[in-house]
Every structure is written in structure tokens, then in C-alpha cells.
Amino acid sequence: MSELRGIYTLWLREVKRYTREKTRLISSFIQPLLWLIIFGSGMRFASTGLAGIDYQKFIFPGIVGQTLLFTSMFMGISVIWDREFGFLKEILVAPISRVSVFVGKMLGGSTDAVIQGSFVFLFSFLVAIHVGIDTFLLSLPIMLLITFGMVSVGLTIASLMESLESFGVIQTFVNLPLFFLSGALFPLSYFPQWLRWVSVVDPLTYGVDALRITILKGAWISIQPLYYDLLALVVFDLAMILVGTLIFGRTR
Amino acid sequence: MIEVKNLTRNFGSLVAVNKLNFAVRPGEVFGLLGPNGAGKTTTLSMLCTILKPTFGTAIINGVDVTQHPSQVRRMIGIVFQDPSIDDRLTGRENLEMHANLYGVPSAEGKKRIEEVLELVELKDKAELLMRTYSGGMRRRLEIARGLIHYPKVLFLDEPTIGLDPQTREHIWAYISALSKRESITMILTTHYMEEADKLCERVAIIDYGKIIALDTPKRLKEGMEGDMISVKAEAVNELAEKLNQLNIVKSLKETHGELKLVVKNGGAMVPRIVEIAASLGVRIESMSIREPTLEDVFLHFTGREIRAEGGDEYHGLAAIKRRGIK
């Protein structure tokens with residue numbers, strides 16, 4: 001019971017901190033807009049090979065996925081931040097387990113990332129996609145499943161890092177390959193065979209595919225069935241939470 | 001309340017804390033005094049179960065810190081040397097979070113938060129973000145936070161480090177008030193002599209990881225067996241010679257026409273010296289008497305002075321935070 005309360009407390013803290021940072025909230029609007037409008041319209045010549053889906057429509061779910069990925073990874077910074085400012089000590093000496101601390105932070109980061117991802121849905125009219133409340137509600141659990149694992153990865157990396165700078169560098173190395181390989185920007189069928197194999201181990205591939213299934217509906221020919229995507233995400237989440245709690249548990 | 005047995009901690013080949021043994025009584029304010037790097041914080045970290053002892057242990061309120069660390073954590077409050085608050089949250093939110101983390105029942109927690117806010121006089125600032133607090137206010141809130149879960153023992157690691165003298169006096173007042181109002185045992189580390197002298201009922205002077213003296217500040221100073229007297233006179237040499245002959249001073253030093261004496265029972269000695277001077281026809285210009293300070297005690301035991309350091313005790317972000325610079 002007290003562990004649950006601890007998790008809730010740490011979750012609440014992450015969410016409060018996030019919603020109080022106005023600059024971060026505003027900047028979260030900018031990046032997806034740039035991708036959708038500038039990148040998307042510039043690439044309109046590209047054919048998606050799918051009837052009724054132009055390039056901008058095609059990348060829309062991908063940009064949702066990208067926002068989730070980048071934000072989730074960035075959430076790891078809270079570990080470094082807390083360590084730097086001493087607050088981590090207050091949490092670590094509290095009578096709650098390291099697993100709960102990790103899970104609380106993870107859930108908080110996921111909530112923040114999903115809020116950020118949800119903002120992207122506000123721009124769906126720009127690419128002429130109709131997103132009803134039902135579509136959004138269906139996307140919500142998928143978004144959560146994407147972020148659980150990704151935030152765990154971010155927290156894990158941050159636990160191993162000494163400084164903010166090194167965290168930033170490593171992040172780029174992780175973010176961009178995951179993003180490009182996921183098929184967020186181009187159909188995976190355009191990839192050479194060997195790259196397609198690599199994209200199979202990218203968890204975001206399944207996330208983006210699942211988001212396309214729910215957002216683009218019948219117009220999208222899914223790579224694999226939805227339940228398969230979800231299963232892959234669940235496996236990824238569980239594995240990353242396990243690794244994360246093990247590594248975070250060793251921090252001082 | 002606290003019993004420390006052969007507590008030892010090595011870092012590689014360095015012995016940071018070397019077989020400490022001491023006991024702290026319930027309700028006592030106990031001080032660990034020593035220069036930076038003497039092993040105070042390491043000792044405290046072991047008592048707070050943050051650090052595992054290399055060997056030896058401590059019993060807090062009947063619970064062994066090495067055997068049941070999580071049980072110990074519920075019984076103790078800690079105010080860290082470095083700042084450890086979330087400055088993006090308000091004062092009250094920081095306290096609420098602490099109450100939640102320590103599982104204080106929520107109705108009781110609310111009441112308790114009001115109590116501790118009142119104790120440190122931050123009630124009117126409770127709804128402000130911590131980043132708007134001054135260094136002294138942050139420290140007070142940290143002390144308040146350490147008390148929320150009704151700890152049996154409160155550990156204060158350098159409670160007034162990096163604060164200006166006026167704020168320091170304030171914090172001292174809060175700590176004194178606290179030890180009177182709540183029946184709580186307190187252990188504090190410090191390298192400020194005055195702090196140990198003012199607040200602590202008993203002080204352990206610690207150097208290179210070892211306790212070199214342990215007693216009440218009063219008795220430690222009495223242990224010097226004397227008072228410091230300085231005499232300014234015209235013919236100091238004559239006076240010095242006579243005093244040496246009579247063999248009534250413990251030590252005698254002459255500098256720039258001034259005599260520095262260590263004597264037993266200075267109060268009785270002053271008129272005596274005046275008499276002797278008068279009998280020699282030596283006119284005394286001025287005379288002062290002061291009691292020995294803990295600084296003198298430390299000097300006596302180690303042959304060194306505790307270096308009182310000023311600004312650069314914090315580095316990087318911690319320094320910025322403590323000073324409240326944005």
C-alpha cells in the first residue's frame with residue numbers, strides 16, 4: 001500500500017513539474033508542426049503506393065510516434081537532474097523500494113510524453129485526416145505502450161550517465177536510428193531486405209504500425225496484425241522495465 | 001538511543017572512519033565536530049543507512065542499522081549537507097511529497113505539515129515555488145521536512161554551511177526551539193566551533209576518522225584547565241620573570257609587549273596578577289581574560305586549527321542552488 005502511494009507521489013511530481021514548464025509545453029507544438037508542414041509538404045512528390053494516402057497523411061502517425069519517442073527518451077533527464085540537484089537523495093533514503101521509485105518516475109514520464117503526443121492530434125486537420133474522439137481513445141493505450149518502454153530506456157541510460165552532456169550525446173545515437181528504422185517517414189517496403197531485418201528489432205516499428213492501423217484505418221495496409229504489434233510492445237515494455245529497475249537499483 | 005560500535009568505513013586504502021564508539025542519550029543534541037574531510041558525513045551516512053559500514057555497526061532505538069536499514073529509515077529524519085529539495089514545487093508540495101513517501105496517514109500529515117511550517121515560520125511562504133526561497137528559507141524547509149514523519153532521531157549534516165552569519169543564528173534558534181518542543185534526539189555535524197558550542201549538549205571532536213575527545217563543550221573547555229589572560233604593561237619582562245618564579249601560570253608567552261597567559265581559574269588570578277604587578281611597581285595598561293573556546297581545545301588535541309572555510313564549499317549546480325542564484 002505504501003509502495004503504491006510512493007509510486008503515485010512520484011508520478012504526481014513528474015506530471016506537476018512537466019505541466020509547470022510552459023516553454024517545454026509550447027516547444028512541444030513546434031517540432032511536429034515543422035515535420036508535418038515543411039517536411040511533409042516538401043516530400044509530397046513521394047508516392048506512398050497506397051490509395052487515398054498522400055505523403056502528409058502517411059507520416060502523420062509517424063510524427064506522433066516520433067514525438068512519443070523523443071519526449072520519452074528525454075524524460076530520462078529527470079534522473080540526472082535529480083542527482084545534480086540533490087533531490088534523488090531524498091527519494092532514495094525514503095522507505096520505499098527502488099523498483100517503486102523507478103516505476104513512479106516511468107509512469108510520470110509516460111504521462112508527460114503521452115500528453116505531448118496527444119497535442120500532435122490537434123494538427124490532424126492540417127493533413128486532412130479526420131480524428132474522432134473514438135480514434136483518439138483507441139490511440140491512447142497504444143501511445144502508453146510505446147512510452148512505457150521508451151521512458152524506461154531513457155531512465156536506464158540516464159542512470160548510467162555521469163553528466164547532462166553525455167546523456168544528450170547518447171540520446172541522439174539512440175533516437176535517430178529508432179526513428180528512421182521505424183518506418184515513420186517512409187514505407188518499410190522501400191527498404192532493402194537487410195534494413196528491413198534491422199527494423200524488425202526496432203520497437204517503434206510496431207508502435208508506428210499500430211498507430212497507422214488506428215488512425216489511417218482501412219486505407220493502411222498493416223505490416224502485421226494489430227494484436228501482434230501490441231504484443232511486441234508489451235514484451236518490449238516488460239523487458240525494459242526489468243532492465244531499468246535492475247540498473248536503477250544500483251544507483252547511489 | 002544511539003549506540004555506535006566500532007563503526008568503520010574504508011574507501012580503498014583510505015580509512016575514512018576508524019572504529020568509532022560512542023552513545024547518544026534520548027533527547028540529547030549531540031555534535032560531531034571536526035574539519036572538512038574528518039569523516040563526519042561518512043559517519044552520518046552510515047548511521048542513516050545510506051552507506052554500509054566496512055565493519056562495526058550502530059544501534060538506533062534498538063534497531064541495528066546494518067540488519068534492518070528500512071526499519072531504521074522510518075525512525076530517522078535527515079537534513080543533508082547538500083540541498084535536496086525540488087525547487088519546481090512549492091514548499092507545501094515538498095512537504096506533502098515527503099509525508100506520502102514516508103506513509104504518514106494523510107489527515108495526520110496535513111496537521112503535521114501545518115505544525116512544522118509554523119515551527120520554521122514558513123507558513124506564509126508555503127504556497128510559493130521553492131526556487132523563490134532564499135538559502136536560509138530552503139534550509140528551514142529541509143529541517144521542517146525532516147520532522148514530518150515524527151522521527152525519533154534527526155540527523156543534521158552541516159545545517160548552516162554556506163549561510164550568512166545572520167541566517168546561521170536564525171537556524172540555530174530553530175534547532176534549539178526544536179529540541180525543546182519535540183522530544184527528539186539530534187545528531188549534527190559541523191566544522192563551526194560556535195555552532196557546536198551553542199547547540200550541542202555533548203560534542204565528539206573527530207579528526208582523521210577518529211574521536212579525539214568527547215564531552216560537553218563546557219567540560220572540554222575546562223579540560224584545557226585554564227583561562228586565557230593577556231596583560232599589557234610597561235615592564236612586561238619584570239612581571240613575566242616574577243610570575244615564572246612564583247610558578248602560578250600554566251604557560252606564558254610574550255609578544256610585542258603583551259603577555260599571554262594560560263592560567264587555572266582566571267577569575268581569581270586577575271586580582272593576584274594586579275597585586276604582583278603593583279608590588280613590583282609595574283603599571284598595567286590593560287588586561288583581558290577570556291575562556292578557552294572549542295577552537296583552543298581542537299588546537300590542543302591536534303596541534304592544528306580547524307580551517308573555517310568560506311565560499312567554495314559547494315560546486316557546480318549545488319552551489320548555485322544553495323545561494324539561490326538564478
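In the predicted model, helix α3(A) meets helix α8(A) through Gln66(A), Leu69(A), Phe70(A) and Met73(A). Their partners in α8(A) are Gln171(A), Val174(A), Asn175(A), Leu178(A) and Phe179(A). By class, the residues of this contact are six nonpolar and three polar, with no charged residue. Helix α3 of chain A spans residues 55–74, and helix α8 of chain A spans residues 164–181. The two axes come within 10 Å and cross at roughly 165°. Angles over 145 degrees count as roughly antiparallel, so α3(A) is roughly antiparallel to α8(A). The crossing is right-handed.

Chains A and B also touch each other. Chain B contributes 22 residues to the contact, and chain A contributes 18 residues. On the chain B side, three helices each supply at least two residues: α2 (69–75), α3 (91–101) and α12 (316–323). The side of chain B that touches chain A holds twelve nonpolar, six charged and four polar residues.

In soluble globular proteins, nonpolar side chains tend to be buried together. The largest nonpolar core of the model has 134 residues. Within this core, Ala144(B) and Phe155(B) touch the most other members. Another core, of eleven residues, lies apart from the largest one. Its members include Ile229(B), Val231(B), Leu243(B) and Ile273(B).

Conventions:
Residues are numbered from 1 along each chain as its sequence is written. Chains are lettered from A and ligands numbered from 1 in the order in which they are written. This is a predicted model: local features need pLDDT of at least 70, side-chain atom pairs count only at pLDDT 80 or more; totals for chains, interfaces and linings use all residues. Two residues are in contact if their C-beta atoms, placed from the backbone, lie within 7 Å. Helices (H or I, at least four residues) and strands (E, at least two) are DSSP runs, numbered from the N terminus. Ala, Val, Leu, Ile, Met, Phe, Trp, Tyr, Cys and Pro count as nonpolar, Asp, Glu, Lys and Arg as charged, and the others, Gly among them, as polar. Axes are lines fitted to C-alpha atoms, for helices over the stretch in contact, and angles run from 0 to 180 degrees between N-to-C directions. Angles under 35 degrees count as roughly parallel, over 145 as roughly antiparallel, 65 to 115 as roughly perpendicular and the rest as oblique. A crossing is left-handed if the near helix is turned anticlockwise from the far one by less than a right angle, and right-handed if clockwise. A nonpolar core is a set of buried Ala, Val, Leu, Ile, Met, Phe, Trp, Tyr and Cys residues joined through C-beta atoms within 7 Å. A residue is buried if 20 or more other C-beta atoms lie within 10 Å of its own, exposed if 12 or fewer, and partly exposed in between; C-beta atoms are placed from the backbone.
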